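Here are my notes on this one, written as numbered points.

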Amino acid sequence: MDKLLRIDMGMDGGPKASEEPLGDYAGLAGRGMTSAIIAKEVPPLCHPLGKDNKLVIAPGLLSGSHAAQSGRVSVGCKSPLTGGIKEANSGGQGAQVIARLGYAAIVLEGKPGDDTLYKVVINKDGVEITPDNSLKMMGNYDLIDKIRETYGDKVACISIGPAGEMKMAAASVAFTDMEQRPTRHAGRGGVGAVMGTKGIKVIVLDDTGMPTRSPKDPEKFKAANKAFVQGLKKHPITGEGLPSFGTNILTNVINEAGALPTHNFKTGRFDGAGNISGETQSEIMKARGGMVAHGCHKGCVIRCSGIYNDKDGNFVTKRPEYETVWAHGGNCGIDDMDTIAELDRMDDDYGLDTIEMGAAIGVAMEAGLAEFGDAEAAVNLLKEVGKGSPLGRIIGNGAAVTGKVFGVERVPVVKGQALPAYDPRSVQGMGVTYATTTMGADHTAGYAVTANVLNVGGSVDPLNPEGQVELSRNLQIATAAIDATGMCLFIAFAILDQPETFEALVDMIGAFTGQNLTADDVTELGKTILTFERDFNSRAGFTQKDDRLPNFFKEEPLPPHNVTFDVKDEDLDRVFNW
Amino acid sequence: MGSPAGGSPFSSVVKRPMEPKPENYSTINLRLTVESDRLSLFSSLLGQGFTLKVRTGCSLRELLCEQLGVHADYVDQRIQTIFLDGKTVDDVDTAVIRQESTLALSAAMPGLAGATLRRGGAYAAMRRQISHQNTAGHNSVADGVVMLKLFNLVALELGPGFLKQGIWIRGKHMENFFKKVPDYFWPGCRAAEIDGTPLKVEEIRRLEWRHRQVFLKLEVKESG
Ligand code: SF4
């Protein structure tokens, strides 16, 4: 992982690939890499769909090695959804294979002069870029079937569906999983639309003949990885809860907390939650011969994913995650697991962010285009998106556009991006992060590091708004740092609770890179990334007024607890004072 | 963690008075004989809530450990996320059970949301608006009824104990269960009895449960 691969799609004479040493980007990975390149090389005022935007795909620090849970990949660009900097991340095989091919990042730049669609093949011998218009408007599933016919079942693919080709602001970039299915997505922020503007339908990655990345200190690395895996396996969340129920274990609990946004954020409880809970979902999956515990990439020992089959035992989709079950489920009043699985499959096939789609359909329901709870109507609305009809193009551009077009006031977005599955009126600390993050309503994974490294949490005064601000600040710093390592975020509880597992992780990174990580390094890395991102956003025209939740969160009490979001604007503005 | 020492999460077999006297509903006693590998299917039902007759006015710990017989280690280690009337509980010793309280029990949850809702967790400050306020010191102990909801690993581990003793559930939840339960439940449901009268298993699917209060009791047989 000592070089960058740049693919310029706008060169006279056709697309051209070139390799270069890392230079100033040496030592960066994941979000650290994507945000550094975007902040330095992309003009903040450029059009996100124009030639000056770049799409950066960067594996994690330990990707391509034997380190457990190291297969996350970051995809960065100027976002067509938010207009600001974006990092969306994904599981799947991509990170491991890009890293083994020796690239710390693949940078797609420029813009072809016409609408020719290209296929990029990268292997040990180099890069081949060929026009292939036969792939136009193919869904991700058919596309990967076709790629398999030519390149076999060992390659990994990065692709876009029709939504990316149509440059929809909710379009995702798909990564194939261990079974070579396009089920893992860098979903947020419209990264798929940027890939679409580059005219690239699919990148085929073949690491045949490439070695696994080796650590600087193999013995120490092996021992640390072993201790890390043991820690993950013995913890009740990573060893039992997630493999048994997946992330959808949260539905019942968030519902009980009154924090499950229901009917487009009207209430915090959904009557049908029990029908779509992780408990119910697992029983359905087991009964149909699906797999309840399954990894999204090789080297995952937690295995929060699974296989969801139809009534006849045929594959439909991977286990729909909590966020998806909420977005297409409670948020739209739908309590049928099979419909949610079908919508998830369609999102993956068209190449769409499930959160943004669920939120946009919720807003469309609020506008009266369908009744809340009408599963068939939700499926039909999503089909419109896949077809690219005028209505589909509106919904495919996300909740904010849908709300604007249909005159809806309650639109749950920050910086144009839909909120995830927790109502910030009930969990206000998360609301602080949703409001102020550089990414637009998202990104909260760094909690374990804040407790362990930054030593915050318990000392925060719960009644002082500054407490929320301090927590959010440290969470965002830690999250940026974790995103840069490329580790799966679900390691967090095990490293939060078990000091020896946290130590094993730190040792593993140290033994791999040959550099010992200190608390100060983690903090500095996180702050540096956030500083790049804030700077980019401010040059792109973002101001404090963009760091706000929509007004309805402050004005409409959320049942059952009847709470409003009461963190003051001046407190939100202190989040980045460090 | 899990069931302490891998054994039963109950410290003793407590004889629980389970039958409240539901009003405004006709009641029905349903007894099912099911194979042990079908027990996990009841998790969704346990998550909807069932009522118990208990002594109210006591602390949550007293209810769980002394009245319901749950092992103290299990309460401290496994039950990491607790809601009393929808509010997150941080301290089981000071939270007081009231008449008609709803109590929900869960294992630790993933993600920042999970960390935030966790009892006494580092991120409790982030959900102060929905935290349960301590209510110790105003107790008047009395007979009463509470609704208990069991989620995820806690449902798998504590659920069978409650189901074998019998639980009161709303008819609409029972009806929904029979409607949605995966088909493979039925071959593992070996016998059914209503108010002491045996009936064919497939008939329980056809009965009208909605406007009744159901006392469900399971007898568990080894699978196979
Ligand atoms: S725990 Fe889940 S998200 Fe993380 S690597 Fe494994 S399957 Fe992927």
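1. Start with A:E109, which counts as buried because its relative accessibility is 12%, and buried here means under 20%. One caveat before going on: this is a predicted model. The partner to look for is A:R6, which forms a salt bridge with A:E109, with the closest N and O atoms 3.0 Å apart. A:R6 sits in strand β1 (residues 3-8) of chain A and A:E109 in strand β6 (residues 103-109) of chain A, so this pair ties together parts that are 103 residues apart in sequence. A:R6 is buried too, at 9% relative accessibility.

2. That pair doesn't stand alone. A:R6 and A:E109 belong to a network of salt bridges that also links A:E20, A:E41 and A:K54. Over all chains, the count of salt bridges comes to 55.

3. Now the sheet around that pair. In what order do the strands of the open sheet with β1 and β6 run (chain A)? The order is β2-β1-β6-β3-β4-β5, 6 strands in chain A with mixed pairing. At the edges stand β2 (16-21) and β5 (85-90) of chain A, each with a single partner strand, so each has one side without a neighbour in the sheet. From one strand to the next, the twist averages 20°.

4. Strand β3 (residues 55-59) and strand β4 (residues 73-78) of chain A pair in the antiparallel sense, over 4 bridges.

5. Chain A has another open sheet of 6 strands, in the order β8-β7-β12-β9-β10-β11, and here the pairing is mixed. Its edge strands are β8 (126-131) and β11 (184-186) of chain A; each has a single partner strand, so one side of each is left without a neighbour in the sheet. The twist averages 20° from one strand to the next.

6. Within this sheet, which way do β9 and β12 of chain A run, parallel or antiparallel? Strand β9 (residues 156-159) and strand β12 (residues 200-205) of chain A run antiparallel and are joined by 4 bridges. A handy reference point is A:C157, whose bridge partner in β12(A) is A:V204.

7. A:R188 and A:E356 form a salt bridge, their closest N and O atoms being 3.4 Å apart. A:R188 lies in the loop between β11 and α5 (191-197) of chain A, and A:E356 in helix α12 (residues 354-366) of chain A, so the pair ties together parts 168 residues apart in sequence. Both ends are buried: A:R188 has a relative accessible area of 8%, and A:E356 has 0%.

8. A further pair joins a helix to a strand. The side chains of A:D344 and A:K318 meet in a salt bridge at 3.1 Å, N to O. A:D344 is in helix α11 (residues 337-350) of chain A and A:K318 in strand β14 (residues 315-318) of chain A, so the pair ties together parts that are 26 residues apart in sequence. A:D344 is buried at a relative accessible area of 0%, and A:K318 is buried as well, at 6%.

9. A:D423 is buried, with a relative accessible area of 0%. What does the side chain of A:D423 contact? It makes a polar contact with the side chain of A:R425, at 2.8 Å.

10. On to the ligand. The residues surrounding the ligand include A:C296, A:C300, A:C304 and A:C488, along with A:H294, A:H297 and A:R303. Also among them are A:Q69, A:I302 and A:F490. By type, the shell divides into 6 nonpolar, 5 polar and 1 charged.

11. Last, a spot in chain B. B:S36 is in the loop between β1 (26-35) and α1 (43-48) of chain B. B:S36 counts as partly exposed, at 24% relative accessibility.

Conventions: Residues are numbered from 1 along each chain as its sequence is written. Chains are lettered from A and ligands numbered from 1 in the order in which they are written. This is a predicted model: local features need pLDDT of at least 70, side-chain atom pairs count only at pLDDT 80 or more; totals for chains, interfaces and linings use all residues. Side-chain values use heavy atoms; hydrogens and water are left out. Two strands pair if DSSP finds at least two bridges between them. Helices (H or I, at least four residues) and strands (E, at least two) are DSSP runs, numbered from the N terminus. Axes are lines fitted to C-alpha atoms, for helices over the stretch in contact, and angles run from 0 to 180 degrees between N-to-C directions. A salt bridge is a side-chain nitrogen of Lys or Arg within 4 Å of a carboxyl oxygen of Asp or Glu. Buried means under 20% relative accessible area, exposed over 50%, partly exposed in between (1.4 Å probe, protein chains only). A residue is near a molecule or strand if one of its heavy atoms lies within 4 Å of it. Ala, Val, Leu, Ile, Met, Phe, Trp, Tyr, Cys and Pro count as nonpolar, Asp, Glu, Lys and Arg as charged, and the others, Gly among them, as polar. A polar contact is a pair of N or O atoms within 3.5 Å; within protein, one must be able to donate a hydrogen and the other to accept it, and residues adjacent in sequence count only if both atoms are side-chain atoms.
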